[in-house]
Amino acid sequence: MLIWIFIYAVTFVIISVLWKKRWLLYHAWKIPGPFSVPLVGSAFLLSATKDNFFDLICGKMESWRPVTKFWVGSQLYIATTRPTDVEKILTNCLNKSPFYENFNDIMKDTLLTSKVSIWKEHRKMINPSFNSKILNSHHDTFVKYSREMVKILDDKEGVEQTDFLQVIWEKTVDVALATLTNVKPHVVKKRQRITSITARYEQILIQRFHTFWLLIEFFWKLSNLHKEHKMLCETSHEIAKNIIAEEYMSHETEDRNDDTIESKRFLRNLTKLNRTMQISREEILEETIFMIIAASETSALTVNTVLTILGIYSDIQERVYQELVSVLPNIENSPTQEEINRLDYLERVIKETLRLVPTAPLILRYADEDIKCDPYVFPAGSNLVVPLILLHRAPEVWPEPEKFDPDRFLPDEVAKRHRCSYIPFSFGARNCIGLRFGMMEVKIMVATILRNFKVQTVGGREEISKEKIPRGLDPTNPQAKLSIPTLRGKYWFKKNNVYASCMAGDLVLDIKDLLQMPHPSSPRKYLLSLDNVLLLSIQSRFDEKWCNDMMS
Ligand code: HEM
């Protein structure tokens, strides 16, 4: 008897869940996708391996492209790489997928994560801090910190290995503080920890996705990882509180008619709005944490990737260098904004880098209503995925998609393509607020580094183990791993059949042998590009010129 009651109860639950989801099931049925089983969906395909989570998801989506569906538990995900679908999604669906709730502990009601009602209010408040006049005023700050970075790299003379990404990232944190707030970066307590906290936070998040039982809230709360995660959240809140306190101190006496650039900066603007109760202190805290991370991490990763690519393609680097020498003949002078604008080829190189290795590999939205994308309907209640890394390599749009060719971004070529075929900063009303900020910063940093140094992958393109060159960066090896940036933006690498994430400390230990590899032709410096575990050596252009002069 009891057994029958149990069977009836289970059947009832299954039927009511199916009935509630009938709309999703009906439309999902027509969309191709990998095998899935009731309750679990296709999740087992993702968790059954220690492979890079994002590589794996993208690999699955790639084999079913251009449109595919997959179930994770009762959640329906639909991914598309058709630019017309992408435009519809990013224009009509402004709510984020519940996936973003994973960030709630550290930043709940921020631009990135909040529900559309809160997002609209916040975006309206924050937009003015990113207008052209304010952005142009940041030029000198970008130049100042780029030159500081060159000085740091120069001072590494004799130091064999340096975590290159770390050097860049610490500088982009300084740039973020110096442009988004009125706080002097060096007064912010524990600011050096921002990079390691972010890196570890993201690593934990990925580890959680890999471990099935950690996805269950009860077990997660009991785990050591959760304790560490909580501690990281607390420290980042503490740092943000310190930044906000310093900001308040920098304008103790408020002049309501203040029309200076300083009064319009992101944080000053929000603290002013707090006085009129338009935004709470808690919301300012969360927006500050997110904005500093969003501004610094993405730019640092992009600079790192551009340099790594140019380390592989020395011919393209040489062309960039010739442009730099002709536009900025005197290495000692700070570049003006007008000069930076004239660096057309460099700009194309950055754009092509963001095509092949988009810093944000996936965008996720939530469908509040049905979205018709012939012959399918993406039903209300589904999660919509825009895999930038696949969109940017769609063969219908990009001939020889894996080839690195900056001239794809010549104006005539751009005009031929759909406007949503290339969207490294997303598209529509909820796109990246820092689009122009990021492009300006990356361009100035890369220009300053390359005007001063030559970068080179140690061993040359042919000698580097194929596995380490991400697909698309090595035309001779189309079968290499897809290798996309993980959430953290770092590549995972395989050693002794164990995948280890490239976090600074661990990595240096793990690839010690590689790091100690001497390089005959470039004895000066070895810089470790953590991003794809290629060693970059950098050599001062100043020395090169000096040597050439001496020789002649
Ligand atoms: C090369 C550098 C950058 C890239 C590739 C990039 C890319 C992106 C992408 C793809 C999104 C959409 C994310 C999503 O919908 O899930 C985004 C959002 C965002 N980014 Fe960036 N970003 C960059 C630099 C910056 C900078 C410098 C800032 C700030 C100064 C910034 C601030 C933001 C903010 C606030 C959002 C959320 C916008 C909203 O939802 O209203 N980003 N970024």
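1. The shell around the ligand holds 13 nonpolar, seven polar and two charged residues. Here Ala, Val, Leu, Ile, Met, Phe, Trp, Tyr, Cys and Pro count as nonpolar, Asp, Glu, Lys and Arg as charged, and the others, Gly among them, as polar. In total 22 residues surround the ligand, and the closest are Ala295, Thr298, Cys432, Gly434 and Gly438. A residue is near the molecule if its C-beta atom, placed from the backbone, lies within 6 Å of it. H15 and H21 are the elements that give two or more residues to this shell. H15 gives the most, with six residues.

2. The model is predicted: local features need pLDDT of at least 70, side-chain atom pairs count only at pLDDT 80 or more, and totals for chains, interfaces and linings use all residues. Residues are numbered from 1 along each chain as its sequence is written.

3. The chain has 25 helices and 12 strands. These are DSSP runs numbered from the N terminus, with helices (H or I) of at least four residues and strands (E) of at least two. Of the 552 residues in the chain, 40% are buried. Buried means that 20 or more other C-beta atoms lie within 10 Å of the residue's own; with 12 or fewer it is exposed, and in between partly exposed, the C-beta atoms being placed from the backbone. Among contacts between residues at least 6 apart in sequence, 73% join residues at least 24 apart. A contact requires C-beta atoms, placed from the backbone, within 7 Å.

4. Cys432 is listed by UniProt under "binding site", in an unreviewed entry. UniProt positions are given in the numbering used here, feature names are shortened, and annotations may be inferred rather than shown by experiment. Cysteine 432 sits in the loop between helix H20 (411–416) and helix H21 (435–452). It counts as buried because it has 21 C-beta neighbours inside 10 Å. Leaving aside residues up to four places away in sequence, cysteine 432 touches Phe425, Ser426 and Gly438.

5. Threonine 302 belongs to helix H15 (residues 281–312). With 29 C-beta neighbours inside 10 Å, threonine 302 is also classed as buried. Its contacts, not counting residues up to four places away in sequence, are Leu354, Thr359 and Val442. Leucine 354 is 52 residues from threonine 302 along the chain, yet their C-alpha atoms are separated by 7.5 Å.

6. Four strands form an open sheet in the order E1-E2-E7-E4, with mixed pairing. Strands E1 (67–72) and E4 (362–366) stand at the edges with a single partner strand each, so one side of each has no neighbour in the sheet. Neighbouring strands are turned by 25° against each other on average, direction ignored. Axes are lines fitted to C-alpha atoms, for helices over the stretch in contact, and angles run from 0 to 180 degrees between N-to-C directions.

7. E1 and E2 (residues 75–80) run antiparallel, joined by six bridges; two strands pair if DSSP finds at least two bridges between them. Tryptophan 71 has leucine 76 as its bridge partner in E2, and valine 72 has glutamine 75. The hairpin has two residues between the strands, and glycine 73 there takes a positive phi near 60°.

8. E2 pairs with E7 in the parallel sense over three bridges, and alanine 79 has valine 385 as its bridge partner in E7. Five of the six residues of E2 are buried, so this strand is largely enclosed by the rest of the structure. Helix H5 (residues 83–92) lies across E2, E4 and E7 (383–387), running at about 130° to E7.

Methods: Two residues are in contact if their C-beta atoms, placed from the backbone, lie within 7 Å.
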